[in-house]
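Here is a friendly walk through a few parts of this protein. Take a look at the model first, and then we can go through it together.

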Amino acid sequence: MFTLAEVASLSDIQPTYRILKPWWDVFMDYLAVVMLMVAIFAGTMQLTKDQVVCLPVLPSTVNSRVQPDTAGKADFTTVETTTDQEEASMRTVSFAPTVTPNILLSRATSSQYQPTESDQELKKEQKDSSGRKTNLDFQQYVFINQMCYHLALPWYSKYFPYLVLIHTIILIVSSNFWFKYPKTCSKIEHFVSILGKCFESPWTTKALSETACEDSEENKQRLTGAQSLPKYVSTSSDEGSPSASTPMITKSGFKFSADKPMIEIPSVTILDKKDGEQAKALFEKVRKFRAHVEDSDLIYKLYVGQTVIKTVKFIFILCYTANFVNTISFEHICYPKVEHLIGYTEFECTHNMAYMLKKLLISYISLICVYGFICLYTLFWLFRIPLKEYSFEKVREESSFSDIPDVKNDFAFLLHMVDQYDQLYSKRFGVFLSEVSENKLRGISLNHEWTYEKLRQHVSRNAQDKQELHLFMLSGVPDAVFDLTDLDVLKLELIPEAKITAKISQMTNLQELHLYHCPAKVEQTAFSFLRDHLRCLHVKFTDVAEIPAWVYLLKTLRELYLIGNLNSENNKMIGLESLRELRHLKILHVKSNLTKIPPNITDVAPHLTKLVIHNDGTKLVVLNSLKKMTNVAELELQNCELERIPHAIFSLSNLQELDLKSNSIRTIEEIISFQHLKRLTCLKLWHNKIVSIPSSITHIKNLESLYLSNNKLETLPAAVFSLQKLRCLDVSYNSIAVIPVEIGLLQNLQHFHITGNKVDILPKQLFKCVKLRTLSLGQNCITSIPDKVSQLLQLTYLELKGNCLDRLPATLGQCQLLRKSGLVVEDHLFDTLPSEVKEVLNQDTGIPFANGI
């Protein structure tokens with residue numbers, strides 16, 4: 001059963017898209033409803049009253065009238081081939097009516113031969129007007145009626161309602177297919193939504209009202225009364241302006257003094273902040289929608305296609321239906337091959353629904369003809385004018401927005417369809433295609449649009465739980481921004497006219513500033529505040545010259561992120577502004593296309609503790625400047641096309657973490673030199689081309705984390721397992737086939753990742769690493785998990801998905817911290833566990849899940 005809510009939602013579909021349904025589509029929808037009613041009515045009548053009534057044709061009666069001499073033998077010689085037939089013939093004789101003496105006497109006086117039993121039946125038939133008895137019981141009549149219903153009745157008489165129903169459903173689906181097709185429905189939905197908002201937007205009314213007020217000669221006469229008119233009032237007609245604006249102009253009135261006539265237009269060019277925000281959003285939506293829709297004509301092709309399908313369907317229905325009109329008749333002859341059951345070979349049948357079905361069929365053909373003519377008219381309209389082009393020429397003539405551009409493809413087709421509903425929609429929609437109209441809207445004060453309350457709504461919490469405000473593509477920085485005194489992070493993106501005023505000194509919590517393609521200008525007082533309070537600065541640029549000069553003078557800056565083009569030519573330009581003043585800079589992050597480390601970085605080298613260089617694949621050649629960075633504890637050189645570990649790194653005695661991700665390193669024989677880096681605890685050589693690990697890795701005694709994933713390793717040398725302080729080992733996505741038994745020596749190992757290799761057997765020594773919390777064994781060839789996995793009492797994450805397992809050990813339930821959320825395995829394998837183990841794994845103990853490192 002359908003709920004009331006579901007039925008209500010279905011009724012909302014039609015009003016939503018009514019502006020895109022011209023009169024012919026609406027008319028065809030009504031015709032489809034009528035055809036659907038015909039199908040339902042015919043089907044109901046057929047299900048409730050449709051039946052065939054059959055009577056046998058009696059050969060004895062016919063023969064008795066033609067050949068009286070043989071009439072007496074008719075009932076005995078009808079069928080003589082089988083015993084059943086003989087019994088039927090005998091039954092005919094036995095159930096014959098009794099002949100009276102009067103009838104026999106009459107027969108004797110009028111004929112030359114002796115009266116027979118057949119003559120007696122003939123006399124009885126002539127005397128009795130009810131006809132001859134067939135001696136068939138009720139069940140035999142029901143049986144023969146059912147047989148003849150399927151044999152004698154034409155198929156079209158039986159399936160006509162269902163065919164009408166199917167054809168009507170196909171036509172209905174074809175009519176609304178473009179509203180439901182995934183490639184078009186989203187565009188149509190957005191268009192209808194935007195069009196409705198543009199039509200109802202106060203800015204549309206005010207803009208057209210202002211145009212009418214400026215251009216209407218009639219208004220000029222109302223203002224002056226009789227004498228002279230101001231020169232700036234136009235004489236153009238206001239015929240194209242919407243009627244809704246006329247009362248607004250009339251009610252507002254015009255005031256002028258006796259000395260100097262002047263026009264006062266209250267609330268024509270001034271919008272409240274909510275209306276202004278909506279209008280600006282509509283301009284942006286219309287611009288994006290136009291760019292999205294104007295590049296294709298799929299909606300037009302789909303509409304043409306569904307119209308052609310409906311036309312072809314109409315021709316097909318008309319051709320085959322017309323041939324079956326005459327097949328629907330009241331009388332039918334039936335020859336069922338059941339003579340051995342009934343005793344008769346031929347039956348005359350009547351179909352009680354024939355008259356009704358014939359009338360319904362004629363009505364259906366009439367409806368289909370009307371439907372088809374409308375389809376032909378639609379095709380004529382589709383190909384008569386170029387629907388993939390739409391001109392706002394009339395709107396440009398009737399208003400001051402002469403810059404409204406013409407549109408094409410699907411955008412133009414949708415506007416043509418809207419014009420069939422009401423041309424006023426496209427006129428008001430054209431306001432949001434005009435740059436003149438948009439510039440008028442931009443004239444509204446930026447601070448009036450971006451109030452404190454609105455900016456407060458845009459403040460969010462970032463990953464570091466700091467209050468953050470991101471302003472994107474504004475004409476400037478609103479003054480209300482500087483009233484957000486509790487703001488921690490301010491992001492300014494694509495604001496070419498950004499200006500930071502002295503009011504920023506109110507933002508005492510501001511410590512992080514992002515300038516994305518935003519060469520902001522700073523007042524002197526504002527600079528003094530930023531110099532003393534700003535701790536983190538992100539600058540994204542296309543050319544290094546876009547970096548504001550005041551950035552290099554922020555003495556208290558601790559973190560600097562530079563993202564942009566710093567190729568070899570621009571490296572010289574960066575020398576115009578030195579980083580020497582950034583004495584407190586600790587973290588420098590450069591994402592660029594460097595070929596060498598810029599010389600100015602060495603100005604702050606002694607103070608840096610973290611240096612990150614992310615190249616875009618450009619080879620970093622010169623690295624000698626690294627030797628000066630004696631205090632660097634973290635160094636990342638990612639995607640720099642390094643083929644070997646740079647020797648300059650071995651001079652960084654305070655280095656604790658080295659990340660050489662996404663390079664082209666094939667060999668790491670230089671790793672022996674890391675023995676001089678006593679503080680090195682984390683080495684990341686992932687996403688390279690390393691084929692082997694040298695035994696000299698044993699010299700890095702303090703190494704706690706080793707990342708070698710996404711390389712080309714085939715074996716793990718025993719030297720790796722001599723690193724007793726190793727807590728994390730990641731060798732995922734290599735070609736390792738065997739886990740050495742020496743892994744049991746790593747008693748401090750907490751995280752072991754070997755996903756995506758060729759391991760088939762897990763050594764028992766692995767489970768001696770009782771401190772393991774994370775164990776990733778997915779996408780290997782492992783066939784079984786030893787029961788000793790229960791020794792890993794601190795295990796919180798176990799990945800086994802993608803192996804050749806057929807069951808899981810029941811001892812998993814003894815891993816006290818392991819829960820189902822931390823067990824990554826196929827569902828069917830999880831079902832192999834005993835029910836008590838499943839209950840243990842499904843328990844929620846509130847223990848924090850830790851699979852990270």
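The buried residues of helix H8 pack against H3, strand S1 (52–56), helix H9 (155–180), strand S2 (331–334), helix H16 (339–342) and strand S3 (347–351), where contact means heavy atoms within 4.5 Å. Those buried residues are Gln140, Ile144, Asn145, Cys148 and Tyr149; buried means under 20% relative accessible area (1.4 Å probe, protein chains only). H8 covers residues 138–151, and at 1.5 Å a residue its 14 residues should span 20 Å, which agrees with the 20 Å between its end C-alpha atoms. Helices (H or I, at least four residues) and strands (E, at least two) are DSSP runs, numbered from the N terminus.

This is a predicted model, in which local features need pLDDT of at least 70 and side-chain atom pairs count only at pLDDT 80 or more, while totals for chains, interfaces and linings use all residues. Residues are numbered from 1 along each chain as its sequence is written, and side-chain values use heavy atoms, with hydrogens and water left out.

Now to the strands. S16 (residues 634–638) is mostly covered, with four of its five residues buried.

Notes:
Expected span 1.5 Å × (residues − 1). Buried < 20%, exposed > 50% of the residue type's maximum accessible area, 1.4 Å probe, protein only.
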